[in-house]
Amino acid sequence: MSNREKNYQVELVKEGDAVSVQIAGETVGKVTQKEELFLARNSWDNFLGEFKKQDQAIMAVISNFNLRQA
C-alpha cells in the first residue's frame, strides 16, 4: 500500500426504506428503491444513477466517494 492509500470501513445502515452508506463513520450517500430500480445519491444530494440491483447502487456511492478522495 502506498503512502496515499487509506483503508476505510464501509457500513450500510437501514433507515426506513433507504440504505445509508457510511464510510469512516460519515454518511456519504443513500440508496432508495423506486418501483424496480435502485436510486443512488451522494451526501451532497447529487443523483448518481438508477440501477437494477441494490449492490450496484451502493458501489456507485462508494466509487463516488473514492473519486472525491483522489
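I take buried to mean under 20% relative accessible area, exposed to mean over 50%, and partly exposed to mean in between, with a 1.4 Å probe and protein chains only. This is a predicted model, in which local features need pLDDT of at least 70 and side-chain atom pairs count only at pLDDT 80 or more, while totals for chains, interfaces and linings use all residues. Residues are numbered from 1 along each chain as its sequence is written, and side-chain values use heavy atoms, with hydrogens and water left out.

**Asparagine 42.** I looked up asparagine 42 and found it in strand 4; strands are DSSP runs of E with at least two residues, helices are runs of H or I with at least four, and both are numbered from the N terminus. Asparagine 42 counts as buried because its relative accessible area is 5%. I then checked its polar contacts, meaning pairs of N or O atoms within 3.5 Å in which, within protein, one atom must be able to donate a hydrogen and the other to accept it, residues adjacent in sequence counting only if both atoms are side-chain atoms. The side chain reaches the backbone nitrogen of tryptophan 44 at 3.0 Å, and that of asparagine 46 at 2.9 Å. For contacts, defined as heavy atoms within 4.5 Å, I noted that asparagine 42 touches Val28, Gly29, Leu48, Asn64 and Arg68, residues up to four places away in sequence not being counted.

**Helix 1.** The 16 residues should span 22 Å, and the end C-alpha atoms are 23 Å apart, so the two agree. I list Ala57, Ile58, Ala60, Val61, Ile62, Asn64 and Phe65 as buried in this helix, and their cover includes strand 1 (10-15), strand 2, strand 3, strand 4 and strand 5 (47-51).

**Isoleucine 58.** Within helix 1 (residues 54-69) I looked at isoleucine 58, which is buried because its relative accessible area is 10%. Leaving out residues up to four places away in sequence, isoleucine 58 touches Leu12, Val21 and Val31.

**Nonpolar core.** I use this term for a set of buried Ala, Val, Leu, Ile, Met, Phe, Trp, Tyr and Cys residues joined through side-chain atoms within 4.5 Å. The largest one has 13 residues, and Val21, Val28, Val31, Ala40, Ala57 and Val61 have the most contacts inside it. Strand 2 (18-23), strand 3 (26-34), strand 4 (37-42) and helix 1 each supply at least two residues of this core, and helix 1 gives the most, with six.

Methods: The expected span of a helix is 1.5 Å times one less than its number of residues.
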